[in-house]
Amino acid sequence: MASKTAKLVERAGRMKRYMKRGARGLYGGKMIQFGNQVSFAENKTRRAWKPNVHQRRFWSETYNRFLCFRMTTSVIKEVKRLKHGIDEYLMTAPKVLIRYPKALNMRRRLLQAHRKQAVLDAALVPDAAQAIAATVDAPYKPAKMLRISNRGMRSA
């Protein structure tokens, strides 16, 4: 799985022009593919293969509500596979694959909430300085999901 994500990130880095439609949902690096439609007589006609996009909503443990996105089937499968669903996908997916402004904003708020909680949890540990340094440097893997409400953060 990691190699597939690495290939998508590498391809996204090489792209000079992005598909504009990809900034309106979670496309997971999928692009329009171009090629030839070949008939039985081997006549070639140019055609395009568009990403398989669906409107889906997933329950967010952190926001405590449904989050609605346009997403490709590959992203839907990945979100269903993850333990914490859409929250974990938004936090762990590479930033170059998430181009949707709504998703980027939610990702930023999720990471802020979880880092703040990690610092608070680390303050309870006797060796807090090393624990805080470890949480900032390492990629974040949530042990439990938090809830973001209008009043602030609280544990789930």
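This is a predicted model: local features need pLDDT of at least 70, side-chain atom pairs count only at pLDDT 80 or more; totals for chains, interfaces and linings use all residues.
Trainee: At what angle do the axes of helix 2 and helix 3 cross?
Mentor: The axes of helix 2 (residues 73-81) and helix 3 (residues 85-92) cross at roughly 110° and come within 7 Å. Helix 2 is therefore roughly perpendicular to helix 3 (65 to 115 degrees). Axes are lines fitted to C-alpha atoms over the stretch in contact, with angles from 0 to 180 degrees between N-to-C directions.

Trainee: Which residues make that contact?
Mentor: Helix 2 contributes Val-75, Glu-78 and Val-79, and helix 3 contributes Gly-85, Ile-86 and Tyr-89 (contact means heavy atoms within 4.5 Å). By class, four of these residues are nonpolar, one is polar and one is charged (Ala, Val, Leu, Ile, Met, Phe, Trp, Tyr, Cys and Pro are nonpolar; Asp, Glu, Lys and Arg are charged; the others, Gly among them, are polar).

Trainee: And how do the axes of helix 3 and helix 4 cross?
Mentor: The axes of helix 3 and helix 4 (residues 101-124) cross at roughly 95° and come within 9 Å. This makes helix 3 roughly perpendicular to helix 4. Asp-87, Leu-90 and Met-91 of helix 3 meet Ala-103, Met-106, Arg-107, Leu-110, Leu-111 and His-114 of helix 4. That contact has six nonpolar, one polar and two charged residues.

Trainee: How many residues of helix 3 are buried?
Mentor: Seven of its eight residues are buried, so helix 3 is largely enclosed by the rest of the structure (buried is under 20% relative accessible area, exposed over 50%, partly exposed in between, with a 1.4 Å probe and protein chains only). The buried residues are Gly-85, Ile-86, Asp-87, Glu-88, Tyr-89, Leu-90 and Met-91. They pack against strand 3 (53-60), strand 4 (65-72), helix 2 and helix 4.

Trainee: Stepping back, what does the secondary structure come to?
Mentor: The protein has five helices and six strands, in the order α-β-β-β-β-α-α-α-α-β-β along the sequence. These are DSSP runs numbered from the N terminus: helices are H or I with at least four residues, and strands are E with at least two. Of the 156 residues, 33% are buried.

Trainee: Changing topic, is Phe-34 buried or exposed?
Mentor: Phe-34 is exposed, with a relative accessible area of 60%. Phe-34 lies in strand 1 (residues 33-38) and touches Arg-46, Arg-47, Ala-48 and Trp-49, leaving aside residues up to four places away in sequence. The C-alpha atoms of Phe-34 and Arg-47 are separated by 6.0 Å, although the two are 13 residues apart along the chain.

Trainee: Where does Glu-42 lie?
Mentor: Glu-42 lies in the loop between strand 1 and strand 2 (44-49). Although not a glycine, Glu-42 has a positive phi of about 65°. Glu-42 is exposed, at 55% relative accessible area.

Trainee: And what is the phi of Asn-64?
Mentor: Asn-64, also not a glycine, has a positive phi of about 60°. Asn-64 lies in the loop between strand 3 and strand 4 and is partly exposed, with a relative accessible area of 35%.

Notes:
Residues are numbered from 1 along each chain as its sequence is written. Side-chain values use heavy atoms; hydrogens and water are left out. Angles under 35 degrees count as roughly parallel, over 145 as roughly antiparallel, 65 to 115 as roughly perpendicular and the rest as oblique.
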